[in-house]
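Colleague: I'd like to learn how to read a few features from a model. Could you walk me through them, beginning with the side chains?

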Amino acid sequence: MSTFDFSTLSPDLMLDALFHYGFDVSSGLLQLNSFENRVCQFRDDDRKSWVVKFYRPERWSLEQLNEEHQFVRELAEIEVPVAEAVERDGQQVLSFGGFYLSVFPSRGGRTLEPDNENQLLQLGRFLGMVHQVGAARPFLHRPTINHQTFLLDSQQSLLQSGLIPPSLEKDYQTMMQQLCDKVGPLYKPEKIRRVHGDCHIGNLLWHDDRPLLLDFDDSRNGPAVQDLWLLLNGDRLEQTYQLSLLLEEYEQYCDFDHKELRLIEPLRAMRILSYMAWIAKRWSDPAFPKNFPWFSTDQYWQQQVRALDEQLKFCDQSPLSLMPQW
């Protein structure tokens with residue numbers, strides 16, 4: 001099996017893995033929207049719905065996967081609404097046919113509304129609880145959000161990918177270098193903890209009148225603000241109001257260092273480059289050219305040159321602050 005390869009993960013192998021661990025699949029497998037891993041929903045003979053996740057090979061070690069699930073278990077124990085995997089023989093990370101997998105009870109729900117005050121307040125409360133637990137000790141095996149991995153390594157991957165059009169490579173390299181030079185001195189977190197790492201609306205559901213936090217696959221050590229800034233949208237005033245609502249309940253459960261707000265634009269810059277590098281690294285996976293056809297077009301890379309230039313300007317702005325009444 002080559003690095004990051006799903007070529008041997010056939011439907012028959014997936015079914016064999018589930019039967020091996022005692023799941024009777026009566027409905028067949030419905031593939032869900034996931035690119036990094038292979039995720040399917042199924043029903044058993046009792047009409048109960050489940051979700052199985054087959055982890056992309058060689059991305060995380062068994063120790064790193066177990067740390068993810070241990071974090072989720074700790075959150076579930078204090079009643080943070082999370083999706084916890086079922087156990088088989090005392091393990092939540094299972095192994096079959098060269099793949100690691102986990103199985104979860106299927107949870108329904110609707111998308112959170114980013115401008116719903118009640119939902120933001122509740123989400124802030126649970127994120128405060130997440131970070132209270134996350135601050136107790138760091139991950140030992142999972143990585144830390146840092147300038148080297150998310151910017152410098154991403155820059156190198158993109159330049160070596162062969163996907164940047166030759167006519168734009170010089171401009172793109174210049175913009176990436178300027179961004180790396182700018183963000184390095186700005187991204188200096190004073191405290192890290194275990195965080196969700198990818199806390200955006202797509203990884204949240206409104207379930208049983210409260211938010212449900214999904215998919216801790218990208219959890220790692222990082223600053224608390226990493227799990228807040230991805231939830232902000234709209235203009236600066238709207239983002240300030242949303243942030244104020246989130247922190248109103250958050251700070252009932254966990255202290256927040258407001259100096260971390262200066263990390264938002266550096267973190268955004270790191271995400272822009274790392275997202276592009278992620279697609280480039282997975283380009284040999286047939287699912288990526290199929291679902292990201294625009295990634296190989298000149299128009300896309302022209303837009304990204306402009307986006308990097310815009311992000312440079314954002315990094316020079318003063319950080320967000322709370323509304324005066326907060």
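Colleague: Which side chain makes a polar contact with the side chain of Lys53?

Modeller: A polar contact pairs N or O atoms within 3.5 Å. In this predicted model, the side chain of Asp215 makes such a contact with that of Lys53, at 3.2 Å. Asp215 also touches His196 and Asn203, leaving aside residues up to four places away in sequence.

Colleague: Where does Asp215 lie?

Modeller: Asp215 is in the loop between β8 (210-213) and β9 (220-222).

Colleague: Is Asn203 buried or exposed?

Modeller: Buried means under 20% relative accessible area. Asn203 has 9%, so Asn203 is buried. Asp215, at 36% relative accessibility, counts as partly exposed. Asn203 sits in the loop between β6 (193-195) and β7 (204-207). Beyond four places in sequence, Asn203 touches His196, Asp198, Leu212, Leu213, Leu214 and Asp215.

Colleague: And the helices: at what angle do α2 and α3 pack?

Modeller: Two packed helices are described by the angle between their axes and the distance between those axes. Here, α2 (residues 62-77) and α3 (residues 117-134) pack at about 125°, with axes 10 Å apart. The two helices are therefore oblique to each other, and α2 passes α3 in a right-handed crossing.

Colleague: Which residues meet there?

Modeller: From α2, look at Phe71, Glu74 and Leu75; they meet Met129, Val130, Val133 and Gly134 in α3.

How values were computed: Residues are numbered from 1 along each chain as its sequence is written. This is a predicted model: local features need pLDDT of at least 70, side-chain atom pairs count only at pLDDT 80 or more; totals for chains, interfaces and linings use all residues. Side-chain values use heavy atoms; hydrogens and water are left out. Helices (H or I, at least four residues) and strands (E, at least two) are DSSP runs, numbered from the N terminus. Buried means under 20% relative accessible area, exposed over 50%, partly exposed in between (1.4 Å probe, protein chains only). Contact means heavy atoms within 4.5 Å. A polar contact is a pair of N or O atoms within 3.5 Å; within protein, one must be able to donate a hydrogen and the other to accept it, and residues adjacent in sequence count only if both atoms are side-chain atoms. Axes are lines fitted to C-alpha atoms, for helices over the stretch in contact, and angles run from 0 to 180 degrees between N-to-C directions. Angles under 35 degrees count as roughly parallel, over 145 as roughly antiparallel, 65 to 115 as roughly perpendicular and the rest as oblique. A crossing is left-handed if the near helix is turned anticlockwise from the far one by less than a right angle, and right-handed if clockwise.
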